Amino acid sequence: MAAESPAGESPSRGKRADAQRNRQTVLAAAAEVFVTSGVDAPIRQIAARAGVGMATIYRHFPTRADLVTAVYHHQIEECAEAGPNLLASAGSPFDALRQWIDLFVDFLVTKHGLADALQSDSDRFAALHAYFLDRLQPVCAQLLDAAAEAGDIRPGAQPYELMRGIGNLCIGRDNDPRYDPRRLIALLLQGLQRPHAS
């Protein structure tokens, strides 16, 4: 019988929990670094941000493509889980939609360079894009439906079109410091609102 730790966990279960925490810390740090330095940022920069050694990163993610894919999977899940939580906590369904779109834009900004990073693995990129749509489109639809039912927005907005439009507005942000896609996205959201909605 395995010895139990003071918390009542077996040592192997404690090690697994530590490894999972390290993995989540690395994913969060990599996402932050990708925003500022792109997906080609040095692994040492990610390790320093995470407070772990480079060996820890390579143990979890043997290649850069593994790390990049895992970061985007992690962010897709966070964005998907945020939708229902925002609907439950925001002041109105439209507020929930606006806050979710803000998170979605944050995700799209970190997504810059994903295609280049996975260029040698088009199957991996295609699978990740399909996962992105499968997870986020229903969340966007739920938020749009709730806002329409509350009378906050006009009915009929299509989640795929909205997500695609927002994605297109985010293109080119890095190349022009005078361009802020969030201003145009705010105008897009205003256009969805019913005239009486504030």
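Which residues lie nearest the centre of the second largest pocket? They are Arg98, Arg182, Ile185, Ala186 and Leu189, among the 12 residues that line this pocket. This is a predicted model, in which local features need pLDDT of at least 70, side-chain atom pairs count only at pLDDT 80 or more, and totals for chains, interfaces and linings use all residues. Residues are numbered from 1 along each chain as its sequence is written, and side-chain values use heavy atoms, with hydrogens and water left out.

**The pocket**

The second largest pocket has a volume of about 170 Å³. A pocket here is an open set of points on a 1 Å grid where a 1.4 Å probe fits, with protein on both sides within 12 Å along at least five of seven lines; lining residues have an atom within 4 Å of a point. Two or more lining residues come from each of α5 (93-110) and α9. The lining holds 6 nonpolar, 3 polar and 3 charged residues. Ala, Val, Leu, Ile, Met, Phe, Trp, Tyr, Cys and Pro count as nonpolar, Asp, Glu, Lys and Arg as charged, and the others, Gly among them, as polar.

**Helix packing**

Helices are DSSP runs (H or I, at least four residues), numbered from the N terminus. Axes are lines fitted to C-alpha atoms over the stretch in contact, and angles run from 0 to 180 degrees between N-to-C directions.

| Helix pair | Angle | Axes |
|---|---|---|
| α8 (159-170) and α9 (181-192) | about 155° | 9 Å apart |
| α7 (122-149) and α8 | roughly 110° | within 9 Å |
| α4 (64-89) and α7 | about 10° | 9 Å apart |

Helix α8 is therefore roughly antiparallel to α9 (over 145 degrees). Leu162, Ile166, Leu169 and Cys170 of α8 meet Pro181, Leu184, Ile185, Leu188 and Leu192 of α9. Contact means heavy atoms within 4.5 Å. The residues here are 9 nonpolar, no polar and no charged.

Helices α7 and α8 are roughly perpendicular (65 to 115 degrees). On the α7 side, the contact includes Phe132, Leu133 and Gln137. On the α8 side are Pro159, Tyr160, Leu162 and Met163. This contact has 10 nonpolar, 1 polar and no charged residues.

Helix α4 runs roughly parallel to α7 (under 35 degrees). Asp66, Tyr72 and Glu77 are among the α4 residues in contact, and Arg124, Phe132 and Arg135 among those of α7. By class, the contact has 14 nonpolar, 4 polar and 4 charged residues.

How values were computed:
Points joined across faces, edges and corners; volume = space filled by probe spheres on them.
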